[in-house]
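Hello,

Here is the structure you will be taking over. My notes on it follow below.

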Amino acid sequence: QAKYRAFAPIGLKDRTWPDAVLTKAPIWLSTDLRDGNQALVEPMDIARKMRMFETLVAIGFKEIEVGFPSASQIEFDFVRKLIEEDRIPDDVTIQVLTQARDHLIARTFESLQGAPRAIVHLYNAVAPVMRRVVLGMDEDQIVELASSHARMFNEFAAKQPNTRWTFQYSPEMFSGTDVVFSKRVVDAVTEVWAPTPERKCIVNLPTTVEHSTPNIFADMIEWMHRNLARRDSIVLCVHPHNDRGTGTAAGELALMAGAERIEGCLFGNGERTGNLDLVNVALNLYTQGVSPELDFSNIDEIRATVEHCNQIPVHPRHPYVGDLVYTSFSGSHQDAIKKAFAARKDGDIWDMPYLPIDPKDVGRSYEAVIRVNSQSGKGGMAYLLESEYGLEMPRRLQMEFMQTVQRVMDVAGKELTAADLWELFVREYGLE
Ligand code: KIV
Ligand code: ZN
């Protein structure tokens, strides 16, 4: 029996919405080393990049965007190092990004000399504001910009026939663009690339900046899914950012709307408020009984590496990984958790109040689940003394000792650990 329940709309068990739940893992693409890296105050050096790459491989990512090789020497050198030192496992494909500009495309393909496989990712802006203010191009010129550079991809790839190429196109600022125009540009690019169901290309639709509610983005994805030419030869991908704090929701709804691949970063690093948080989406799937096919069974080790590579701390309230997310201080929560642990039998579905995931599944212990401060009740205190010191306290003793604990906490104004409680208990009752 599965440990986690696949939630259908609660209370409506006789109804099914085939697209209202996710039933399998998407194709994941980590862009920690590209979009994540380009947002760092101090971008990663080669050593940090390599450590991040190895961590991503260990988690189980099969597609990893490793950089923007035409953007800097470090980016170029890192791609060369991966290839020349044979660091790319056979089941992993690296991806690199380039803008639609001749010399950048040439440099990008140069960085990939000798790669066994590669995804080359072409982008140009399509939104009206970018057309008008930045590029100074009309719609026809944007279509020509995209398709002429797509043609360059064909030419460069033909010169490096020993690499297995996959091409990816992103209409940058898709979410701020009329879908009919986005379709026109994407169709022009895929006409040049002529993918087949056996050799697909990737079409990646970004919320470069998140402007709308996630359902609007999902509606746009569904429209593209239904209307793109050559849909059966395309892997449809999304690339949400998180400007409204709804990147995860946008990504999940987009998967329900027809996307089959998703791009993001670990713990939501990335430009401004970040990229879609891959860990959130993966563990959200996991807690609905769907294997994400990524391994987060030692989430603290992954977090430590990511904090080191990005030099940005992960927030203590970050879903699934923050220091405080498995902890209850409040007395009523502690009481419910204690009772649920006591009632739980091996093999039961995970149905614990206030704990959406078993902390042990991500390598956490139960130690942090109950912590005692001025918000806590006698149940939490008794739980800590019993679990850490084997002290079983009758209810009356709990009530009595809790008065002492409250007095101490009122003065100290801070949390008491199991050791503090034990010391207090020994002092109060004269035990050795
Ligand atoms: O957010 C974005 O639009 C991007 C593109 C380059 C895909 O990162
Ligand atoms: Zn991005």
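Residues 24 or more positions apart account for 73% of the contacts in the chain with a separation of 6 or more; contact means heavy atoms within 4.5 Å. This is a predicted model, where local features need pLDDT of at least 70, side-chain atom pairs count only at pLDDT 80 or more, and totals for chains, interfaces and linings use all residues. Residues are numbered from 1 along each chain as its sequence is written, chains are lettered from A and ligands numbered from 1 in the order in which they are written, and side-chain values use heavy atoms, with hydrogens and water left out.

**Overall**

The chain has 15 helices and eight strands. These are DSSP runs, numbered from the N terminus: helices are H or I with at least four residues, strands E with at least two. The C-alpha trace spans about 85 × 50 × 40 Å along its principal axes. Of the 432 residues, 51% are buried. Buried means under 20% relative accessible area, exposed over 50%, partly exposed in between (1.4 Å probe, protein chains only).

**Zinc site**

Three protein donors hold the zinc ion (ligand 2): Asp35 (OD), His239 (NE2) and His241 (NE2), at 2.0 to 2.1 Å. Donors are N, O and S atoms within 2.8 Å of the metal (3.2 Å for Na, K and Ca); water is not among the atoms, so sites may look incomplete. The spacing along the chain is D-x203-H-x1-H. Aspartate 35 sits in helix H1 (residues 32–38) and histidine 239 in strand S7 (residues 234–240), so the pair ties together parts 204 residues apart in sequence. Aspartate 35 is buried at 3% relative accessibility. Histidine 239 is buried too, at 4%.

**Core**

The largest nonpolar core has 118 residues. Such a core is a set of buried Ala, Val, Leu, Ile, Met, Phe, Trp, Tyr and Cys residues joined through side-chain atoms within 4.5 Å. Helix H6 (residues 139–159) gives the most to this core, with nine residues. Phe296 is among those with the most contacts inside the core. Beyond its neighbours within four places in sequence, phenylalanine 296 touches several residues, including Ile59, Leu266, Val279 and Ile302.

**Helix H9**

Seven of the ten residues of helix H9 (residues 247–256) are buried, so H9 is largely enclosed by the rest of the structure. Gly247, Glu252 and Leu255 are among the buried ones. The buried residues pack against helix H8 (214–227), S7, strand S8 (261–264) and helix H10 (278–286). Glycine 258 follows H9 and has a positive phi, near 130 degrees.

**Two single residues**

Serine 30 lies in strand S1 (residues 27–30). Serine 30 is buried, with a relative accessible area of 0%. Leaving aside neighbours within four places in sequence, its contacts include Leu56, Phe61, Gly264 and Leu278.

Threonine 177 lies in the loop between strand S5 (164–172) and helix H7 (179–193). Threonine 177 is buried, at 6% relative accessible area. With neighbours within four places in sequence set aside, its contacts include Val126, Pro128, Arg131 and Met220.

Best wishes
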